[in-house]
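This briefing goes through a single protein model, topic by topic. Please keep the sequence and the structure at hand while reading.

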Amino acid sequence: MVKFGLQFKATLENVTNVRPVGDDFRWFLKLKCGNCGEVPDKWQYVNLMESTPLKGGRGSASMVQKCKLCSRENSIDILKDTITPYNAEDNETFKTMVQFECRGLEPVDFQPQAGFAAEGAESGTPFPEVNLLEKDWTDYDEKVKESVGIYEVTHKFVKC
């Protein structure tokens, strides 16, 4: 089992506490088979609500899949306790937002989508529906009469 951390980086404008919301939050990933190196074209998602038993009674994982090329069964599990918000002080630096425990898989790409939330850095105004699919998000904080935004969203994976 290998643990991979998804590191998130963005430029934050007047917001903090950028985080995924709920156990049903979908982490959209591209996963490489550790046996044959196959990377499917389609995005696959994992979330905390789905759990699949592993062969041989070895517990469960967020997703179990069989490689289409080599037929090997691989799995990935979200480590719930590692989910961490991205805050104003993390601005423009890579920070591990979540860790995945992988058996036979390696995450190679991440596509942020809907399901994130944030709050105003000074006002605490909640922004419950942040969609990062376009790698940028903007809104307006009425309390402090300032624009807010999340820009230039990038990521990388690191072994933990």
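E152 is placed in strand β14, which covers residues 146-159. The model that shows this is a predicted one. E152 has a phi of about 50°, a positive value although the residue is not a glycine. With a relative accessibility of 58%, E152 counts as exposed.

- E92 sits in the loop between β8 (73-79) and β9 (95-103).
- The relative accessible area of E92 is 45%, so this residue is classed as partly exposed.
- The phi of E92 is near 60°, which is positive in a residue other than glycine.

**Overall build**

- The protein has 14 strands and zero helices.
- Along the sequence, the pattern is therefore written with β elements: β-β-β-β-β-β-β-β-β-β-β-β-β-β.
- The C-alpha trace spans about 55 × 25 × 25 Å along its principal axes.
- The protein has 160 residues, and 43% of them count as buried.

**Salt bridges**

- Three salt bridges are present in the structure.
- One of them joins the side chains of D23 and K80, with an N to O distance of 3.4 Å.
- D23 is in the loop between β2 (15-20) and β3 (27-33), while K80 is in the loop between β8 and β9, so this pair ties together parts that are 57 residues apart in sequence.
- D23 counts as partly exposed at 35% relative accessibility, and K80 is partly exposed with a relative accessible area of 48%.
- K95 and D90 meet through their side chains in a salt bridge of 3.0 Å, N to O.
- Both K95 and D90 are buried.
- E101 and R103 form a salt bridge between their side chains at 3.1 Å, N to O.
- E101 is buried, and R103 is buried too.

**Cysteines**

- The structure contains zero disulfides.
- C33 takes part in no disulfide, and the nearest cysteine sulfur, which belongs to C70, is 3.7 Å away.
- C33 has a relative accessibility of 4% and therefore counts as buried.
- The cysteine sulfur closest to that of C36 is in C67, at 3.6 Å, which is too far for a bond because a disulfide requires the two sulfur atoms to be within 2.5 Å.
- C36 counts as partly exposed, with a relative accessibility of 33%.

**K135**

- K135 is located in the loop between β12 (126-130) and β13 (137-141).
- At a relative accessibility of 29%, K135 counts as partly exposed.
- K135 and A61 are 74 residues apart along the chain, and their C-alpha atoms are separated by 29 Å.

**Points to check in the viewer**

- Where do D23 and K80 lie? D23 is in the loop between β2 and β3, and K80 is in the loop between β8 and β9.
- Is C33 buried or exposed? C33 is buried, at 4% relative accessibility.

Conventions. Residues are numbered from 1 along each chain as its sequence is written. This is a predicted model: local features need pLDDT of at least 70, side-chain atom pairs count only at pLDDT 80 or more; totals for chains, interfaces and linings use all residues. Side-chain values use heavy atoms; hydrogens and water are left out. Helices (H or I, at least four residues) and strands (E, at least two) are DSSP runs, numbered from the N terminus. Buried means under 20% relative accessible area, exposed over 50%, partly exposed in between (1.4 Å probe, protein chains only). A salt bridge is a side-chain nitrogen of Lys or Arg within 4 Å of a carboxyl oxygen of Asp or Glu.
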